[in-house]
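Please have the sequence and the model at hand while reading.

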Amino acid sequence: MASPKTIALDAMGGDHGPEVVIPGAALSLERQPALSFILYGNQPRIEAALAQHAALRAKSRVVHTDHVIAMDEKPSQALRRGKGSSMWLPLEAVKLGQADAAVSAGNTGALMAIAKLVLRPIAGIERPAIAAIWPTIKSECIVLDVGANIGATSGQLADFSLMGAAMARAVFHIERPSVGLLNVGTEEMKGNEDVKAAHALLKSVDALPLEYKGFVEGDQIGRGTVDVLVVEGFAGNIALKTAEGTAKQIGAYLRAAMTSSVLSKIGAFLAQGGFRVLKDKMDPRRVNGGTFLGLNGIAVKSHGGTDAFGFASAVDLAYEMADSGLIARLTADIDSFHHRLSAAGGGSQPQGATGTPLGKA
């Protein structure tokens, strides 16, 4: 049975603020009645939106703040001026144990910077990563890092593997998720030195809480070859944006083809049930929500331009991870991995190029 959980929401984040956050939270509450919420932001706007959702109003507490992090604000500015904002306070609630997870549709760079400062990385984690759920032919997979860092050492890639596997257990309920490293080929001699070193590292440690499958090429992501795909943040972000753009391109092609003639319009009408299934599978709102993995608390980033349905998906994801005890399991996995690595004489972090935060030198 699902346990009661409290989610702290940045009600002002994203392109639409409370007008999307509140109905999104209400939709998630319908699916997860054990939820309760703390809503941070402009109280009059939040209360006006809550007036349309009596069930959510009964399960929510509103905390007023006038301070909002702008979508174009630099992470360094957000760190200096963000304390007390609608983005900062939900993360602080998680740190203080007042909430089990935080969700924001606000500025990604600012959210990551503030989350790292407030929640702090798990012991042994050098750099947190952003993990996204990716639709595949088989089902779904988790891809990380999709934008938190540029570059990653072999040790960081190995840590990403453990973090992704822990998330897969929480979200997909797979005890030993399969994990692969994204590479330019499946042969062992291919790839840069950090990827090859991470490959050797993951093969060298016994009894990992995952099934390491080796290298995976880009065209295998959508096939569902592995449950977790690991990549450094620069390439991961490009892959994610390329996939999103390709989905929109295919959708545009289909719409044009199905309206190109009278016969095609008749065919589209007869096949509308199948097209509806395809549309649902390709709908990015179903898998909306990037998770900041590697922190001492759960923080989920919703797409800033999503609607209520998409925001509800991000809240659902936060609830699933909180309900699964993700942080405790991940902390134990990381500690065990580094202990075994040290015992084998490999040290806690193998040498390699240093990863840097995305967008920074």
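## The second largest pocket

Which elements each supply at least two residues of the lining of the second largest pocket? They are β8 (178–182), α8 (193–204) and α9 (233–258), where helices (H or I, at least four residues) and strands (E, at least two) are DSSP runs numbered from the N terminus. The model is a predicted one, in which local features need pLDDT of at least 70 and side-chain atom pairs count only at pLDDT 80 or more, whereas totals for chains, interfaces and linings use all residues. Residues are numbered from 1 along each chain as its sequence is written, and side-chain values use heavy atoms, with hydrogens and water left out.

The second largest pocket holds about 340 Å³ of space, and of its 17 lining residues Leu182, Val195, Val231, Glu232 and Ala235 lie nearest the centre. A pocket here is an open set of points on a 1 Å grid over the protein atoms alone, where a 1.4 Å probe fits, with protein on both sides within 12 Å along at least five of seven lines, and lining residues have an atom within 4 Å of a point. The volume is the space filled by probe spheres set on the points. By class, the lining comprises 11 nonpolar, 4 polar and 2 charged residues (Ala, Val, Leu, Ile, Met, Phe, Trp, Tyr, Cys and Pro count as nonpolar, Asp, Glu, Lys and Arg as charged, and the others, Gly among them, as polar).

## Oblique helix pairs

Helix α8, which contributes to that lining, also packs against helix α7 (residues 154–172), the two axes coming within 8 Å and crossing at roughly 55° (axes are lines fitted to C-alpha atoms, for helices over the stretch in contact, and angles run from 0 to 180 degrees between N-to-C directions). The pair is therefore oblique, the class left for angles that are not under 35 degrees (roughly parallel), over 145 (roughly antiparallel) or 65 to 115 (roughly perpendicular). Ser154, Gly155, Leu157, Ala158 and Ser161 of α7 meet Asp194, Val195, Ala197, Ala198, Leu201 and Leu202 of α8, contact meaning heavy atoms within 4.5 Å. These residues divide into 7 nonpolar, 3 polar and 1 charged.

Helix α1 (residues 18–31) and helix α12 (residues 308–323) pack at about 55° with their axes 7 Å apart, which makes α1 oblique to α12. Among the residues that meet are Val20, Val21 and Arg31 in α1 and Phe309, Phe311 and Asp316 in α12, and the contact as a whole has 10 nonpolar, 3 polar and 2 charged residues.

The contact includes Trp88, Leu91 and Glu92 of α5 and Leu111, Ile114 and Ala115 of α6; by class, it has 9 nonpolar, no polar and 2 charged residues.

## Backbone geometry in two loops

Arginine 120 lies in the loop between α6 and β5 (129–135) and has a positive phi of about 65°, although it is not a glycine. In the loop between β6 (140–144) and β7 (149–150) sits aspartate 145, which is joined to leucine 144 by a cis peptide bond with an omega of about 5°.
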